[in-house]
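Please read it alongside the sequence and the model.

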Amino acid sequence: MSRDGGAVDLTETPKGLPVPVDDGAADHLVGRPLPSQALPSTEGGRVDLSKESGRVVVYCYPMTGRPDVALPEGWDSIPGARGCTPQSCSWRDHHAELGALGAQVFGLSAQTTDYQREMVERLHLPFAVLSDAGLDFARALDLPTFQTAGMTLLKRLTFIACDGVIEAVLYPIFPSDADVAWVLATLGDKG
């Protein structure tokens, strides 16, 4: 719900959002091995990204809003915070192309698996979303985070890993759905 009581349209990104700046918080990631941590998956069970063979694409996002729940106070004023739904929908819409390039896609946020499942079902996502609710994975990689409304959330970034090692990183991402085109171009170049 919006502050005025109306439903929030999460599929559209409002105009005039502040643009995130590259603060260097992801500069250390290329070449880093993924930590061996089994993360809860919306498809059931757990996924250890370090053990996934081949190419893996992980898009990290702050949090997905729900149409019937107000976003945190000041959400639209946080650079890069708004746009998780359009980002996830973009990954859904290009999932077949990514698969044809040999990439397995995962979403990742600090939200619980139950919260994420609602989003996966509502948006009809054809891939698993992983929960790092304790932020252990984020701490192990020193991923950029921010705090708002008493929550510590991941900043939006996307990485490509091959056989458990990060090959490429896009950070910051703006607009929120710009990372899919970058991944398609990057994977196309890798052949």
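Two cavities of 30 Å³ or more are counted in this predicted model. The second largest cavity has a volume of about 40 Å³. The backbone features below include two cis peptide bonds, one from tyrosine 171 to proline 172 and one from phenylalanine 174 to proline 175. The search for disulfides returns zero.

**Second largest cavity**

- The residues that line the second largest cavity include Thr13 and Leu17, together with Gly80, Arg82 and Gly83.
- Its lining also includes Arg156 and the run Ile173, Phe174, Pro175 and Ser176.
- By class, four lining residues are nonpolar, four are polar and two are charged.

**Cis peptide bonds**

- Tyrosine 171 and proline 172 are joined by a cis peptide bond with omega of about -10°.
- Proline 172 sits in the loop between strand 9 (165-170) and helix 5 (179-190).
- The bond from phenylalanine 174 to proline 175 is also cis, and its omega is near -10°.
- Proline 175 lies in the loop between strand 9 and helix 5.
- Phe174 and Pro175, the two residues of this second cis bond, are both among those lining the second largest cavity.

- Aspartate 142 is not a glycine, yet its phi is positive, at about 55°.
- The position of aspartate 142 is in the loop between helix 4 (136-141) and strand 6 (145-148).
- Aspartate 163 likewise has a positive phi, near 50°, and is a residue other than glycine.
- Aspartate 163 belongs to the loop between strand 8 (157-162) and strand 9.
- Is aspartate 163 buried or exposed? Aspartate 163 counts as exposed because its relative accessible area is 51%, and the cut-off for exposed is over 50%.

**Cysteines**

- A disulfide is a covalent bond between the sulfur atoms of two cysteines.
- Across the whole structure, zero disulfides are found.
- Cysteine 84 takes part in no disulfide: the nearest cysteine sulfur, that of cysteine 60, is 11 Å away, whereas a disulfide needs the pair of sulfur atoms within 2.5 Å.
- Cysteine 84 is buried, as its relative accessible area is 4%.
- Cysteine 162 is in no disulfide either, and its nearest cysteine sulfur, that of cysteine 60, is 18 Å away.
- Cysteine 162 is partly exposed, with a relative accessible area of 23%.

Definitions and conventions: Residues are numbered from 1 along each chain as its sequence is written. This is a predicted model: local features need pLDDT of at least 70, side-chain atom pairs count only at pLDDT 80 or more; totals for chains, interfaces and linings use all residues. Side-chain values use heavy atoms; hydrogens and water are left out. On a 1 Å grid over the protein atoms alone, a cavity is a set of points where a 1.4 Å probe fits but cannot get out, and a pocket is an open set with protein on both sides within 12 Å along at least five of seven lines; lining residues have an atom within 4 Å of a point. Grid points are joined across faces, edges and corners, and a volume is the space filled by probe spheres set on the points. Ala, Val, Leu, Ile, Met, Phe, Trp, Tyr, Cys and Pro count as nonpolar, Asp, Glu, Lys and Arg as charged, and the others, Gly among them, as polar. Helices (H or I, at least four residues) and strands (E, at least two) are DSSP runs, numbered from the N terminus. Buried means under 20% relative accessible area, exposed over 50%, partly exposed in between (1.4 Å probe, protein chains only).
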